[in-house]
Amino acid sequence: MTPKELVQKGYDCFASGDMETFAGIFHEDCTVTINGMHKFSGTYNGINEFMDLLAMIPSHYDNFSLTVKNMISEGDQVATQLDASADGLEARFGHFHKIEGGKIKEFWAYDDSQKMAHAMKAV
């Protein structure tokens with residue numbers, strides 16, 4: 001599977017709720033960095049910390065979804081532009097993945113943190 005196909009598989013699993021398969025495409029010791037200054041911002045070490053974070057999304061964003069708009073892959077790196085929506089949230093997100101050994105080793109979410117914070121009523 002190419003890096004681009006791997007990342008697309010992750011978005012497909014997230015959309016369908018197949019979180020077991022989703023977790024399986026990440027390295028156990030992956031690093032996930034979420035930008036901003038809201039409740040979810042920070043660096044998460046390991047797939048378990050990241051999955052704990054993802055489990056909190058439904059309690060903060062009703063009807064959350066991501067739609068891939070554009071994906072660019074070069075070597076072991078994949079950049080994705082997405083539309084994010086939820087009740088009270090319409091935003092553009094940017095994600096960056098580094099692939100190592102056929103799994104996602106590093107993930108950066110450059111999401112619209114101001115809109116995210118507003119939607120979760122943090123501001």
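Predicted model: local features only at pLDDT ≥ 70, side-chain atom pairs only at ≥ 80, totals over all residues.

Colleague: In what order do the strands of the open sheet stand?

Modeller: The sheet is open and has six strands.

Colleague: How many bridges pair E4 with E5, and in which sense, parallel or antiparallel?

Modeller: E4 covers residues 77-86 and E5 residues 89-100. Ala86 of the pair stands opposite Leu89, and Thr80 has His95 as its bridge partner. E4 and E5 pair over ten bridges, and the sense is antiparallel.

Colleague: Which residue in the turn between E4 and E5 has a positive phi?

Modeller: The two strands form a hairpin with two residues between them. The phi in question is about 85°. The residue is Gly88.

Colleague: Which residue takes a positive phi in the hairpin of E5 and E6?

Modeller: E5 and E6 run antiparallel and are joined by seven bridges. Ile99 stands opposite Ile104 in E6. The hairpin has two residues between the strands, and a positive phi near 60° belongs to Gly101.

Colleague: Which strands does helix H1 touch, and at what angle does its direction stand to that of E3?

Modeller: H1 spans residues 3-16 and packs on the sheet. The strands it touches are E3, E4, E5 and E6 (103-110). Its direction makes with that of E3 an angle of about 175°.

Colleague: At what angle does H3 run to E1?

Modeller: H3 takes in residues 47-55. This helix lies across E1 (26-34), E2 and E6. Its angle to E1 is about 50°.

Colleague: Which residues of the largest nonpolar core touch the most other members?

Modeller: The core has 33 residues. Leaving aside neighbours within four places in sequence, Phe26 is in contact with Ile47, Phe50, Lys103, Ile104 and Phe107. The residues that touch the most other core members are Phe22, Phe26 and Phe50.

Colleague: Which element gives the most residues to the lining of the largest cavity?

Modeller: The search finds one cavity of 30 Å³ or more, and the volume of the largest cavity is about 320 Å³. Its lining has 25 residues, with Phe50, Leu54, Leu66, His95 and Phe107 nearest its centre. Two or more lining residues come from each of H1, E1, H3, E5 and E6. With four residues, the element that gives the most is H1.

Colleague: And which element gives the most to the lining of the largest pocket?

Modeller: This pocket holds about 230 Å³ of space. Of its 13 lining residues, Phe14, Met19, Ile57, Pro58 and Phe64 are the closest to its centre. H1, H3, helix H4 (57-60) and E3 each supply at least two residues. The most, three residues, comes from H3.

Definitions and conventions. Residues numbered from 1 in each chain as written. Heavy atoms only, no water. Pairing = 2+ DSSP bridges. Contact = heavy atoms within 4.5 Å. Axes fitted to C-alpha atoms, helices over the stretch in contact; angles between N-to-C directions. Core = buried A, V, L, I, M, F, W, Y, C linked by side-chain atoms within 4.5 Å. Buried < 20%, exposed > 50% of the residue type's maximum accessible area, 1.4 Å probe, protein only. 1 Å grid on protein atoms, 1.4 Å probe; cavity = no way out; pocket = protein on both sides within 12 Å on 5 of 7 lines; lining within 4 Å. Points joined across faces, edges and corners; volume = space filled by probe spheres on them.
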